[in-house]
Amino acid sequence: MLNNTKKMMIGVLSVSLVTLTACGENGTPEPTGYDCDDWDWDKETGTYYCDDDNSSYARSYYHGGAFYKSKNELKNSSSYQSYYSNYKSGIGSGIKGGFGG
């Protein structure tokens with residue numbers, strides 16, 4: 001019985017590590033398919049920020065398939081406000097909560 005429990009826990013840990021590695025440090029995958037070669041994670045907003053001055057999205061925040069020209073514009077979005085309340089509580093953020101977290 002103990003052997004089966006060990007095997008199950010190893011499997012769960014393996015899947016968790018693969019998932020975290022695929023999503024990056026913050027648990028959210030970087031946007032792809034856009035004209036931006038340098039995405040930075042903004043911890044305060046829980047979104048990606050385009051830090052590529054040669055991009056048409058330079059200095060824009062990305063959330064839910066949309067770009068926002070400023071942090072204020074992002075924060076005023078109703079979609080973002082709903083996401084942010086969950087992000088701050090740890091629901092779905094991939095960086096808080098979980099077992100013992």
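**Exercise 1. Determine which salt bridge joins Glu44 and Lys71, and where its two residues lie.**

Solution. A salt bridge requires a side-chain nitrogen of Lys or Arg within 4 Å of a carboxyl oxygen of Asp or Glu. The side chains of Glu44 and Lys71 form such a bridge, with 3.0 Å from N to O. This pair connects distant parts of the chain, since Glu44 is in the loop between β1 and β2 and Lys71 is in helix α2, 27 residues apart. Here helices (H or I, at least four residues) and strands (E, at least two) are DSSP runs, numbered from the N terminus.

The model is predicted: local features need pLDDT of at least 70, side-chain atom pairs count only at pLDDT 80 or more, and totals for chains, interfaces and linings use all residues. Residues are numbered from 1 along each chain as its sequence is written, and side-chain values use heavy atoms, with hydrogens and water left out.

Next, classify the accessibility of both partners. Buried means under 20% relative accessible area, exposed means over 50%, and partly exposed is in between (1.4 Å probe, protein chains only). Glu44 has a relative accessible area of 38%, so Glu44 is partly exposed. Lys71 is likewise partly exposed because its relative accessible area is 24%.

**Exercise 2. Describe Arg59 by its salt bridge, its place and its phi angle.**

Solution. First, Arg59 forms a salt bridge with Asp53, and the closest N and O atoms are 3.0 Å apart. Arg59 is partly exposed because its relative accessible area is 47%, whereas Asp53 counts as exposed at 61%. Second, Arg59 is found in the loop between β2 and β3. Third, although Arg59 is not a glycine, its phi is positive, at about 65 degrees. For context, most residues other than glycine have a negative phi.

**Exercise 3. Identify which residues gather in a patch of negative charge on the surface.**

Solution. Lys and Arg count as positive and Asp and Glu as negative, while His and the chain ends are not counted. A patch is made of residues with over 30% relative accessible area and no salt bridge; like charges are joined within 9 Å, and nonpolar side chains (Val, Leu, Ile, Met, Phe, Trp, Tyr) within 5 Å. The place of a charge is taken as NZ of Lys, CZ of Arg, CG of Asp or CD of Glu. The patch consists of Glu30, Asp35, Asp37, Asp38 and Asp51.

Two members can then be examined. Asp38 lies in the loop between α1 (2-23) and β1 (39-42) and is partly exposed at 30% relative accessibility. Asp51 is in the loop between β2 and β3 and counts as partly exposed at 35%. Asp51 and Asp38 are 13 residues apart along the chain, and their C-alpha atoms are separated by 5.3 Å.

**Exercise 4. Explain why the ring pair of Tyr34 and Tyr57 is edge-to-face.**

Solution. Rings of Phe, Tyr and Trp (its six-membered ring) pair if their centres lie within 6.5 Å; planes under 30 degrees apart count as stacked, over 60 as edge-to-face and the rest as tilted. By this rule there are 14 aromatic pairs. In the pair of Tyr34 and Tyr57, the centres are 6.0 Å apart and the planes stand at 90 degrees, so the pair is edge-to-face. Tyr34 is in the loop between α1 and β1 and Tyr57 in the loop between β2 (47-50) and β3 (61-63), so the pair ties together parts 23 residues apart in sequence. Both residues are partly exposed: Tyr34 has a relative accessible area of 31%, and Tyr57 has 25%. Ring pairs also link a cluster of Trp41, Tyr48, Tyr80, Tyr83, Tyr84 and Tyr87.

Notes. Accessible areas come from the Shrake-Rupley method with a 1.4 Å probe; for residues, only the protein chains shown count as cover.
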